Amino acid sequence: MIRVGSVNYLNAKPLIEGFAALAPQAELVLDLPSRIADQLHRKELDVALVPVVEFFRGTRYKIIPDISIASHGPVLSVTLFSRKPWDQINSVALDIGSRSSAALTQILLRKRYYRQITLEPLSMTSDPENSTADAVLLIGDRAMRACLPGFDFAYDLGEEWTRWQELPFVYAVWAVREGVDLEGVDEALRQAKELGRTRAGWIAQREAEDLGLDPGYCRRYLTNIIHYDLGKQELAGLQQYYQLATELGLAPEGVQIEYYHPKNSVESRRR
Ligand SMILES: C=C(O[C@@H]1C=C(C(=O)O)C=C[C@H]1O)C(=O)O
């Protein structure tokens, strides 16, 4: 049984559309991005949709080609709600579900706005309005629903990144543990992504009610806001993020991006 872990947010649903039927040889676990990453690190999973910073923190993980969760500008679901403008923020409470956007928050504050900041965790159950921090980072479904009128500013971190770097931002990739043979699960994930792309409207309609969100809003989020490819531009954004993360000690240096190739593929037979 191949153990697969995915993020349980709306943005990940198109990547696992129809997956159970496409990969009967797999068991699918859904959880917060941070918990999925920890489970992969503990080898409780074989392949997982992990926050991209956790790919760099892992031991020789391989990426499944051409798939990611990315934004090219505003992302709508990664928001830094703040009581102060960027250049006055001293403390941030970070959504415990996040790793990529938690590191991005620190990169923006330290590298772009030259702030020294203190950090604290924000649990899934605590009310962000009760936090005494200057700003709170929320991601995923919780961020999409949040209004938080007590905070004067709501910064979209996808938008902030792209305005600064003129590159897309990659939040998550499928990471495969070293030495694992996926037995075709990688092909099922590719097919699920294609199915998810064409069924975005159905997914939005299905998920919107549970989330308490407008189905039309969910549709446009899945179709026009979140990008699921991992092409040249996304890789350039990813490399730039990795560089900045290493400079702040948020990721180890010298990690190369390597792709997963099935053991019996033409490419690996040639090696
Ligand atoms: C865009 C998002 O992407 C998510 C953000 C992640 C993070 O910050 O670590 C991890 C996985 C993604 O599913 C989001 O949830 O809002």
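**Figure 1. Residue classes in the ligand shell of the predicted model.** In this predicted model, the shell around the ligand has 12 nonpolar, 6 polar and 1 charged residues. The shell counts 19 residues, and those that come nearest to the ligand are Pro33, Pro51, Ser77, Ser100 and Ser101.

**Figure 2. Secondary structure around the ligand.** Three elements each supply at least two shell residues: helix H4 (100-112), helix H5 (140-145) and strand E11 (169-176). Both domain 1 (2-70 + 168-270) and domain 2 (78-165) give residues to the shell, so the ligand lies between them.

**Figure 3. The two domains of the protein chain.** Domain 1 covers 2-70 + 168-270, and domain 2 covers 78-165. Their C-alpha centres lie 23 Å apart. Where they meet, 23 residues of domain 1 are in contact with 19 residues of domain 2.

**Figure 4. The side of domain 1 that touches domain 2.** On the domain 1 side of the contact with domain 2, at least two residues come from each of helix H2 (33-41), helix H3 (52-57), E11 and helix H10 (232-247). H10 gives the largest share, 4 residues. By class, this side of domain 1 has 18 nonpolar, 4 polar and 1 charged residues. E11 is among the elements listed here, and E11 also supplies at least two residues of the ligand shell.

**Figure 5. Strands E7 and E8 with helix H4.** Strand E7 (residues 91-95) and strand E8 (residues 118-122) run parallel, joined by 5 bridges. Together with H4, the two strands make a right-handed β-α-β unit. H4 spans 100-112 and supplies at least two residues of the shell around the ligand. Side chains in a regular strand alternate between the two faces of the sheet.

**Figure 6. Confidence of the prediction.** The mean pLDDT of the protein chain is 96. Of its residues, 97% reach 70 or more. For the complex, the predictor gives an ipTM of 0.98 and a pTM of 0.96.

Note on methods. Residues are numbered from 1 along each chain as its sequence is written. This is a predicted model: local features need pLDDT of at least 70, side-chain atom pairs count only at pLDDT 80 or more; totals for chains, interfaces and linings use all residues. A residue is near a molecule or strand if its C-beta atom, placed from the backbone, lies within 6 Å of it. Ala, Val, Leu, Ile, Met, Phe, Trp, Tyr, Cys and Pro count as nonpolar, Asp, Glu, Lys and Arg as charged, and the others, Gly among them, as polar. Domain bounds come from an automatic or database domain assignment. Two strands pair if DSSP finds at least two bridges between them. A crossover is right-handed if, with the strands pointing away from the viewer, the path from the first strand over the helix to the second runs clockwise. Two residues are in contact if their C-beta atoms, placed from the backbone, lie within 7 Å. pLDDT is the predictor's confidence in each residue, from 0 to 100.
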